[in-house]
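Hi,

Here is the structure I promised to pass on.

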Amino acid sequence: MSAALQMTGVHADLGGRPVLHDVDLRVDAGEFVGLLGPNGAGKTTLMRAALGLIPLKAGTVTIAGAGPGYVPQRHEFTWDFPATVESAVLSGLVWRIGLFRRPKVAHWQAVWHALDQVNLTDLRKRPVGELSGGQRQRVLVARALVLSPPVLLLDEPFTGLDMPAQETLAELFTTIAAERAVVMATHDLTAAAYTCDRLVLLNRTVVADGPAADLRDPAIWMRTFDVGPGSHLLKALALPVGG
Ligand SMILES: Nc1ncnc2c1ncn2[C@@H]1O[C@H](COP(=O)(O)OP(=O)(O)OP(=O)(O)O)[C@@H](O)[C@H]1O
């Protein structure tokens, strides 16, 4: 089976400084992968490299089908405009429709299907500015799903959301990952350990990659997060401390 996303030997610099170093990552359809690492580890840069938004210094990125869907961090999106939920989702199709062309019935059908997948059909006529944080996150997911991408990239989707909203989203991502590849960058280590099929620990390069149950060695977490054996992080993950 060919991979939904394959990165091989990827090196990337930003502002003349190396950020990604020899990154290898393969994600198949049906996999929900958590991308974990400290601030500045290169998680967003890895996603931007996968999207073809930054030049690679070396290596290759291969994506199946029409390319990835991307859910940026919520604060990167403008929410104070009067657009409705359905027109915000339609904006995910702009490059396909053309900026000044009228959307066709098929485009609206794709929008409604995406809204149905994220359970926002009832709110489709509401202005996005009136939504809660969790509902806004689902609008962004629908906007990324509207092109039916084989790969969905999620950049810190849980930030600022309460537990019930996080759990609703985590369930949604698990459902989406049943037939697509989903890669989620997150600082929520426990949520990732519970919900993802596989964790990729990143600090400029891939330090470890596997199901949470196989990543029990505290050394790989200490290396990834630059912390010592007394760190709360190890206790929170219930890893053997002080070893
Ligand atoms: N446009 C840029 N020019 C120069 N350096 C940049 C640029 N964008 C990011 N960087 C640097 O690249 C490194 C990786 O950043 P990136 O945003 O990918 O990390 P991250 O793992 O997503 O971090 P966070 O968890 O804080 O979101 C950081 O050291 C950052 O300062």
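A word on the labels before anything else: helices (H or I, at least four residues) and strands (E, at least two) are DSSP runs, numbered from the N terminus. Residues are numbered from 1 along each chain as its sequence is written. Bear in mind that this is a predicted model, where local features need pLDDT of at least 70 and side-chain atom pairs count only at pLDDT 80 or more, while totals for chains, interfaces and linings use all residues.

**Ligand and H1**

I started with the ligand. A residue counts as near a molecule or strand if its C-beta atom, placed from the backbone, lies within 6 Å of it. By that cut-off, the residues around the ligand are Leu14, Gly15, Val19, Gly37, Asn39, Gly40, Ala41, Gly42, Lys43, Thr44 and Thr45. Helix H1 (residues 43-50) gives the largest share of this shell, three residues. For the classes, Ala, Val, Leu, Ile, Met, Phe, Trp, Tyr, Cys and Pro count as nonpolar, Asp, Glu, Lys and Arg as charged, and the others, Gly among them, as polar. The shell then splits into three nonpolar, seven polar and one charged residues.

How much of H1 is buried? Here buried means 20 or more other C-beta atoms within 10 Å of the residue's own, exposed means 12 or fewer, and partly exposed is in between, with C-beta atoms placed from the backbone. Seven of the eight residues of H1 are buried, so the helix is largely enclosed by the rest of the structure. The buried ones are Lys43, Thr45, Leu46, Met47, Arg48, Ala49 and Ala50. Just after H1 comes Gly52, with a positive phi of about 75 degrees.

**Overall build**

Stepping back, the protein has nine helices and nine strands. Its radius of gyration (taken over C-alpha atoms) is 18 Å, close to the 18 Å that the globule rule gives for 243 residues, so the protein is as compact as a globular protein of that length. That rule is 2.2 Å times the number of residues to the power 0.38. Along the principal axes, the C-alpha atoms fill a box of roughly 60 × 40 × 35 Å. Of the 243 residues, 37% count as buried. Two residues are in contact if their C-beta atoms, placed from the backbone, lie within 7 Å. Among contacts between residues at least 6 apart in sequence, 69% join residues at least 24 apart.

**Strands E3, E8 and E9**

Two strands pair if DSSP finds at least two bridges between them. Strand E3 (residues 32-36) and strand E8 (residues 198-203) pair in the parallel sense, over four bridges. On its other partner, E8 runs antiparallel to strand E9 (residues 205-210), with five bridges joining the two. E8 and E9 form a hairpin with one residue between them, and Arg204 in the turn has a positive phi of about 70 degrees.

**Two domains**

An automatic or database domain assignment sets the domain bounds. The protein is divided into domain 1 (1-68 + 151-207) and domain 2 (73-148), and their C-alpha centres lie 22 Å apart. The contact takes 12 residues from domain 1 and nine residues from domain 2. On the domain 1 side, strand E6 (151-155) and helix H6 (163-176) each supply at least two residues, with H6 giving the largest share, four residues. By class, that side has seven nonpolar, three polar and two charged residues.

**Some loop residues**

Ser132 sits in the loop between helix H4 (105-117) and helix H5 (133-145). With 11 other C-beta atoms within 10 Å, Ser132 is exposed. Asn119 lies in the loop between H4 and H5 and counts as partly exposed, with 14 C-beta neighbours inside 10 Å.

Two non-glycine residues with positive phi are worth a look too. Ser148, in the loop between H5 and E6, has phi near 50 degrees and is exposed, with 12 other C-beta atoms within 10 Å. Asp226, in the loop between helix H8 (218-225) and helix H9 (232-236), has phi near 55 degrees. Asp226 is exposed as well, with 10 other C-beta atoms within 10 Å.

Cheers
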